[in-house]
Amino acid sequence: MVTIKETLNEACEEYFLPGNSCCSGCGLELALRWAMKALGPKTALVTPASCLNVVIGLWPKTAPNFPFINMAFAAGASAATGFDAAFKAKAYRFPNKDWDKITTLVFAGDGGTTDIGIQALSGAAERNSNILYVCYDNEAYMNTGIQRSSSTPHSAITTTTPFGKKRYKKDLPRIMEAHEIPYVATCSISEPLDLYEKFKKAKDIKGCRYIHILAPCPPGWGYPAEDTIEMARMAIKSGLWILYEVENGIKTISKPSKRFLDPIKRLPLIEYLSKQKRFRAVSEKQLITLQERIEKRWKRIEADLEAQKQ
Amino acid sequence: MSKVKDIIQNKETIIIKGNVAAAYAAKSARVQMISAYPITPQTTVVEKLSEFVDGGLMPGTQYIRVESEHSVMASVIGASIAGTRTFTATSGQGLFYMNEMIHWAAGTRLPIVTAIASRGAAPPWNIWADFTDVINSRDTGWMSAFCATHQEIYDEILMSYKVCEDHEVLLPKFVAYGGFILSHTSKPVIIEDQDLVDQYLPPLPDEKGWPHIFIDPDRPMMHGNLIMPSGFYSEFRLKIQDTIMKAKEKIKKATKEFERLFGRNYGNGLIKEYYMDDADVGIVIYGDLALQMEQAIEDLREEGYKVGMVKLRYYRPFPTEDIIEIAKKVDVLGVMDRGTAFGSPTGGPVSGDVLASLYNTGIKTKVLPMMSGIGGREVSLEQQKDQIKILIRLKETGELPDDLIHGTLWHGKLEVK
């Protein structure tokens, strides 16, 4: 684990520049800013339809200081696969020019990843395309005005679930694990050092890498903008969002989540839910079920870790 | 593969399927990236290319077998943005499925060449020759050309790279040919010497890529971000229309240069005329139907009729000026569609465009919209002669056939009780 001091010395360069049009307290902005600090300027980014298409600035203004291509909603992973192929073809024609050393990055929202983009993502993962795919998860279609996605948690009120969502959040990192790609990790914008390290590691791995970042959204979740970090942190503290990484099939719980293996240390879920207006309709009965699901999820992870030892 | 000499050009030929000719064209063009998804009747294109790439015959070429046609075009777009020469092929439903990305490719102004083994739209399932698929992409900003022969598939794909990669064009293009009729039948095809092809085509994009879009970490570029209505959106669209219309001259030039170098004539590029100089009855026809129609015209000429035909090679850009000149020559002009445009003035895509081209020109030529071979239905030589004879009767009597359906002659349809 690097220290804050080391990281700050190393990561003083900014690639996602000020002057972008993110909402105040935007989780996505922090996610991209720290991801790019780790990846550096030799990165080509593809972003399918999402908040990111808008917050980079209206034409001709632009905040990213690296190659950035806006892409159709369902096409993030496949367009990135095309970039990677082109870089390989160019490396053949122009050897010693480092064309194959460019990191091909996809930065997609949860809608673009767990819903409309899942086919292209699954295809790229199965082919083990040499791309780094990132889902910044704000748990709904925030860009179009807070509609439910398959990544929206149970009971959350959105503009298309006015009485709360009746289904549970799709566990995409687990689906990506099942693709047996070299690297899967979960991150949170409240843990930038953990995020920075994971991106550093992912950068040097060949093949398809997947990182899922929890990125709270003040207008979408219904909390004051200054509480973004706190919301993300409470998701970890309650044990609802677990930080871990899976390297070549071996799972490890990341440091910020490790202590919550112990159920006593976990914050009761109600404390997280009650801070967000989107959960105002959750019933007492449902709350018990949601709390139980957290316990079950940890038990399953513990079983995974146990099975690895054998 | 058996080798025979081409009788006219005395060049070596190989007997191959139309789809294989398309694959050879991609190889001759030294494409650097191929992405494909199987669909009947296109599949043998991508099978052959797999053989070429995995067999080491296309060194450096990347071949991605993706999981859908939407991803095909998305990955080809990615590779083209990054500055490589790309190729793919599809058919019918596959082309419909990639439609979003088709618009994206043209909007990004990428010189992507795509072969289309055309087939009818489902339902009911149909996998046979019908140009409704490529015509469905009519308004996307892609250029589109029809092929009538196996050799033309190979030649047209080569000419496509010449036109598309011209820095004053930079637009994508479809090369369409009838499913099964051309894709799965075998004919002798001349595969040109690599040196000669290299001499004809522009060099592969240099390290920088295309002039307007590239990936360069040292000179980062943003592409495709949101633009307000007061921004240049409208002007970007206007540029596409202006460019595709101006591409007509580039097409003519590329066709002329092709003939000079390879010795094969494709008219002025946009159209090719047969016996039109003294004809008083003519027909505009495209794709594989045009090949057999040459025979029908010759047969009727022998019977003493002054008939001619125009092979429509390009659909977009539409050769309006040529159509006007053609119409001036004849009293009656038939337009044969193998593809549907429901609810349009004629029901056929090309016949509607021919009528629109002649509007306000003062030309009195009678135009008869016609349909045949929809969904790959066989059209015999006798039927094609009958089609021309209907036009001859129209000229002689001045009376339209009495079985027109909404103004269009649907030839060769079954009796529905």
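An open sheet of 9 strands, with mixed pairing, runs in the order S8(A)-S7(A)-S5(A)-S6(A)-S4(A)-S3(A)-S1(A)-S2(A)-S10(B). Strands here are DSSP runs of E with at least two residues and helices are runs of H or I with at least four, numbered from the N terminus; two strands pair if DSSP finds at least two bridges between them. The edges of the sheet are strand S8 (250-253) of chain A and strand S10 (222-223) of chain B, each of which pairs on one side only. The model is predicted: local features need pLDDT of at least 70 and side-chain atom pairs count only at pLDDT 80 or more, whereas totals for chains, interfaces and linings use all residues. Residues are numbered from 1 along each chain as its sequence is written, while chains are lettered from A and ligands numbered from 1 in the order in which they are written.

Strand S2 (residues 68-71) of chain A and S10(B) run parallel and are joined by 2 bridges. In S10(B), B:His223 is the bridge partner of A:Ile69.

Helix H8 (residues 192-203) of chain A lies across several strands of chain A, among them S3 (103-109), S4 (132-137) and S7 (244-247). H8 of chain A runs at about 160 degrees to S5(A), where axes are lines fitted to C-alpha atoms, for helices over the stretch in contact, and angles run from 0 to 180 degrees between N-to-C directions.

Between the chains, 39 residues of chain B are in contact with 40 residues of chain A; contact requires that the C-beta atoms of two residues, placed from the backbone, lie within 7 Å. On the side of chain B that touches chain A, two or more residues come from each of strand S3 (33-36), strand S4 (62-65), helix H3 (69-81), helix H5 (99-107) and S10 of chain B. H3(B) gives the most to this side, with 9 residues.

Chain B is assigned domain 1 (3-262) and domain 2 (271-410), with bounds from an automatic or database domain assignment. The centres of these two domains of chain B, taken over C-alpha atoms, are separated by 28 Å. In domain 1 of chain B, 27 residues are in contact with 21 residues of domain 2 of chain B. To the side of domain 1 of chain B that touches domain 2 of chain B, H9(B) gives the most, with 5 residues.
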